[in-house]
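Student: I have a protein to look at today, and I would like to go through it step by step. Could you help me read it?

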Amino acid sequence: MTYIIDRIEDGIAVMECKATGEIIEIPKADLPKNAREGQILQTTEDGFVVDKEATKRRRDEMRERLNKILNK
């Protein structure tokens, strides 16, 4: 499954499942040490891993959308 980290507050990560839109909350300690808001995570049998390529693509898409809004 693929999740996007929406926010991290008080040691709890709030994440959205890309496939279902379901929101889950898990302890930040269960995420990779380098995990932060906006990153895309993949589930593995060992837990979560940051999908660096998907995160970069998402950030680029969001930056492009913002530029379109600001330049109109």
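Student: What share of the contacts with a separation of 6 or more in the protein chain comes from residues 24 or more positions apart?

Tutor: Good place to begin, and keep in mind that this is a predicted model. Take the contacts in the protein chain with a separation of 6 or more, then pick out those between residues 24 or more positions apart. Their share is 28%.

Student: In what order do the helix and strands follow each other along the sequence?

Tutor: Start with the count: the protein chain has one helix and five strands. Now read along the sequence and write down each element as you meet it. The pattern you get is β-β-β-β-β-α.

Student: Is Phe48 buried or exposed?

Tutor: The cut-off we need is that buried means under 20% relative accessible area. Phe48 has a relative accessibility of 19%, so Phe48 counts as buried.

Student: Which residues does Phe48 touch, leaving out those up to four places away in sequence?

Tutor: Set aside the sequence neighbours up to four places away, as you say, and look at what remains around Phe48. Among the residues Phe48 touches are Asp30, Pro32, Gln42 and Thr43.

Student: What kind of aromatic pair do Tyr3 and Phe48 make?

Tutor: The structure holds one aromatic pair. The ring centres of Tyr3 and Phe48 are 5.8 Å apart, and planes over 60 degrees apart count as edge-to-face. Here the planes stand at 80°, so the pair is edge-to-face.

Student: How many residues apart in sequence are the parts that this pair ties together?

Tutor: Look at where each partner sits: Tyr3 is in strand β1, while Phe48 is in strand β5. The pair therefore ties together parts whose distance in sequence is 45 residues.

Student: How far apart are the mean positions of the positive and negative charges?

Tutor: First gather the two groups: the protein chain has 14 positive and 15 negative charges. Then take the mean position of each group and compare the two places. The distance between them is 9 Å.

Notes: Residues numbered from 1 in each chain as written. Predicted model: local features only at pLDDT ≥ 70, side-chain atom pairs only at ≥ 80, totals over all residues. Heavy atoms only, no water. Helix = DSSP H or I, 4+ residues; strand = E, 2+ residues; numbered from the N terminus. Contact = heavy atoms within 4.5 Å. Lys, Arg positive; Asp, Glu negative; His and termini not counted. Charge placed at Lys NZ, Arg CZ, Asp CG, Glu CD. Phe/Tyr/Trp six-rings, centres within 6.5 Å; stacked < 30°, edge-to-face > 60°. Buried < 20%, exposed > 50% of the residue type's maximum accessible area, 1.4 Å probe, protein only.
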